[in-house]
Amino acid sequence: MCRLFCTVLFFIAGPIYAAASLQLLTEHFPPYNYQDGDRITGINAEIIHRLCEITNTACSMQLYPWLRAYEYTLQNPKGGLFTTSRTPERQAKFQWVGPLASSRAFLYRLKSRPEVNPKDLQQAQQFGIAVARGDVYEEFLLQNGFVRGKNLLDFPSKSAPIALFLQGKVDLIIGSELVMPAWLAAHNSRVELVEPVLELETKGDNYLALNLAVPPAQVQALQQALDEMKRSGEYQRIVARLFVEAMPEVRSNKVKTP
């Protein structure tokens with residue numbers, strides 16, 4: 001009975017929000033989200049495009065530096081932000097739709113630099129770690145004794161330090177099994193050149209974070225659409241297809257790192 005009611009509610013939700021709109025921001029973070037011509041695409045971007053279609057929500061998407069996008073979403077009553085880690089510190093600041101696609105995070109080194117070999121976060125403080133300004137892992141490392149300008153090196157985006165990292169000028173970068181191949185391919189490099197040395201504490205799955213002023217029923221409609229996509233297998237097909245399709249794009253340098 002509950003499933004029948006939820007299904008009816010799900011299909012009713014679309015017409016309710018036919019005139020609704022959301023202004024969604026994201027950062028350059030392939031293969032989750034990036035710009036290809038005039039379209040914001042990527043695994044999570046395409047999932048959200050589909051959620052907007054299903055719920056008849058008019059969604060605009062723009063690419064911004066992460067910290068600017070985060071602050072703008074907090075201020076914009078129609079704002080949304082993805083791909084966003086849902087952490088205890090952020091929980092009350094947004095309404096959440098997800099989880100979206102994500103993967104485990106590690107500190108990576110070049111295989112050619114075996115001397116960069118921290119066994120824990122305390123030992124990692126001996127090395128320079130690149131982070132994106134305002135990123136959840138910047139917050140995490142600051143809380144664990146790292147110092148900006150000393151062993152914490154700020155960059156405008158997650159993938160911005162890749163060139164310096166490949167030159168050996170940055171000791172460690174934060175990435176995952178899903179994003180590292182895309183980042184390296186954009187620099188004509190292979191994932192075999194790097195290796196994870198330390199898994200980082202999970203900081204929460206990836207979500208679409210919506211401003212608190214977005215009507216809760218609209219948030220619920222988006223969440224129900226995502227749940228239905230997962231039940232039907234559409235979500236899984238998008239994740240599998242977009243990851244495979246993203247790799248030729250980054251290999252040809254069509255997907256640029258900033």
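A: Happy to. A disulfide joins cysteine 52 to cysteine 59, with an S to S distance of 2.1 Å. Please keep in mind that this is a predicted model. The count of disulfides comes to one. The torsion about the S-S bond of cysteine 52 and cysteine 59 is about -90 degrees, so this disulfide is left-handed.

Five strands make up an open sheet with mixed pairing, ordered β4-β1-β5-β12-β6. At its edges are β4, which spans 58-63, and β6, which spans 95-97, and each of these pairs on one side only. On average, neighbouring strands in this sheet are turned by 30 degrees against each other, direction ignored.

Now let's settle on β5, which covers residues 79-85. Strand β5 runs antiparallel to β12 (residues 206-210), and four bridges join the two. Across from serine 85 stands asparagine 206 of β12. Threonine 84 also belongs to β5. With a relative accessibility of 0%, threonine 84 counts as buried, because that value falls under the 20% cut-off. Neighbours within four places in sequence aside, threonine 84 is in contact with Trp66, Arg90, Trp96, Asp205, Asn206, Tyr207 and Ala209.

Helix α3 (residues 66-75) lies across β1 (21-26), β5 and β12, and runs at about 130 degrees to β5. Helix α8 (residues 216-232) lies across β1, β6 and β12, running at about 20 degrees to β6.

Finally, β5 brings us to the pocket. The largest pocket holds about 470 Å³ of space. It is lined by 32 residues, and those closest to its centre are Phe29, Ser85, Ser103, Ala105 and Tyr137. The elements giving two or more residues to this lining are β5, β8 (129-132), α5 (136-143) and β10 (172-176). The largest share of the lining, four residues, comes from β10.

Note on methods
Residues are numbered from 1 along each chain as its sequence is written. This is a predicted model: local features need pLDDT of at least 70, side-chain atom pairs count only at pLDDT 80 or more; totals for chains, interfaces and linings use all residues. Side-chain values use heavy atoms; hydrogens and water are left out. Buried means under 20% relative accessible area, exposed over 50%, partly exposed in between (1.4 Å probe, protein chains only). Contact means heavy atoms within 4.5 Å. Two strands pair if DSSP finds at least two bridges between them. Axes are lines fitted to C-alpha atoms, for helices over the stretch in contact, and angles run from 0 to 180 degrees between N-to-C directions. A disulfide is a pair of cysteine sulfur atoms within 2.5 Å. On a 1 Å grid over the protein atoms alone, a cavity is a set of points where a 1.4 Å probe fits but cannot get out, and a pocket is an open set with protein on both sides within 12 Å along at least five of seven lines; lining residues have an atom within 4 Å of a point. Grid points are joined across faces, edges and corners, and a volume is the space filled by probe spheres set on the points.
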